Amino acid sequence: MDKKDIAEIAQAIARLGLWKKVAGKVWAVTLETETLPFLVTAAQESGKNPIAGRLLVFRGFDAFRDFRIFTQNPNLGVAMSPIDFEHWEVVGLASGGAELYAFAPGFVPVPPPPGDAAFLAPVLYESYGILMRLEEEPDLPLEFKDEASLFARREGLDGKWRDAPLKAPGLPHVLYVERVALAKADCEAAAKLQLAKDETWEIDFLQSAVFRTTEARPRILYLFAGVDAATGRRVLWDRMGVGSGGLKGMWESLATRLLKAFLASGRVPGAIHVRTPRLARFVRPLGLQIPFKMVQHAKLPTLDGVLSRAATDKTI
């Protein structure tokens, strides 16, 4: 195996077929040329899936921590799927092959650019060795648990690799703030509109797995969609791509977009149904200004039907 060929290493990792045995394991790889360590974990896919498993690589503890928080509570923060975290993945296919991708929040995953191979090759090669050891030593990642440290493969100044503990840094308390700004004039105008007590809107904010921009680095399409629950009429259909404000900026814009939809409709619905507590959280500031009722429902049947037809007709 060529230790500098990331595609070849990815294929070797996939051929091991150890996804079930190594799922959930976490380890680290530290390079002399990199300031931050790389945190690595594996995940197994289940059911009739063309993907058998994934090896995820994160640069630094902060990135990995945010990902783990998301896996425990997807409604915290603004990430909607693992795609929304900066990382690299070896995607092991059920057919036995492998694909390699670089992820950036809001963008379509792409093969790693050539410059990434300088650090990605040693990280993947050392991880390949760890995976082989895990078959015989399933508790290897816990070797340094008594030191409150992760198991790591560390590159020395002599170029040799050794097992070593890696203690997580004391992470400072980070104040996370979501700011939802609403124009006073628009709120006052909406407050004068008729409140249609018998009218219900179903709204959702979605990440499209299919539709994307046509730029050199394609961006993922995000859709803020809303329909009249009784008629299926579109009342809100805002297509977005990540911009300078990032994913958080898009989420923070939703209340304003809904307010604009009220003004365009000429009335305020008596009830708005949302699917997730996160969307409710970002829309709630508008509910403090306008007296509609907001209800969370796991299923939004009318909206789901409209979205399904739109995807089929490619009218999203």
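Contact here means heavy atoms within 4.5 Å. This is a predicted model: local features need pLDDT of at least 70, side-chain atom pairs count only at pLDDT 80 or more, and totals for chains, interfaces and linings use all residues. Residues are numbered from 1 along each chain as its sequence is written, and side-chain values use heavy atoms, leaving out hydrogens and water.

**Asp-228.** This residue is found in strand E9 (residues 220-228); strands (E, at least two residues) and helices (H or I, at least four) are DSSP runs, numbered from the N terminus. Asp-228 counts as buried because its relative accessibility is 8%, and buried means under 20% relative accessible area (1.4 Å probe, protein chains only). Leaving aside neighbours within four places in sequence, Asp-228 is in contact with residues including Glu-199, Trp-201, Arg-233 and Thr-302.

**Asp-84.** The loop between helix H3 (61-72) and strand E4 (87-93) holds Asp-84.

| Side chain | Reaches | Distance |
|---|---|---|
| Asp-84 | side chain of Tyr-222 | 2.9 Å |
| Asp-228 | backbone nitrogen of Thr-231 | 3.3 Å |

**The sheet.** Five strands form an open, mixed sheet in the order E10-E9-E8-E11-E12. Strands E10 (234-240) and E12 (293-296) stand at the edges with a single partner strand each, so one side of each lacks a neighbour in the sheet. Strands E8 (residues 194-212) and E11 (residues 267-274) pair in the parallel sense over seven bridges; pairing takes at least two DSSP bridges.

Note on methods: A polar contact is a pair of N or O atoms within 3.5 Å; within protein, one must be able to donate a hydrogen and the other to accept it, and residues adjacent in sequence count only if both atoms are side-chain atoms. Buried means under 20% relative accessible area, exposed over 50%, partly exposed in between (1.4 Å probe, protein chains only).
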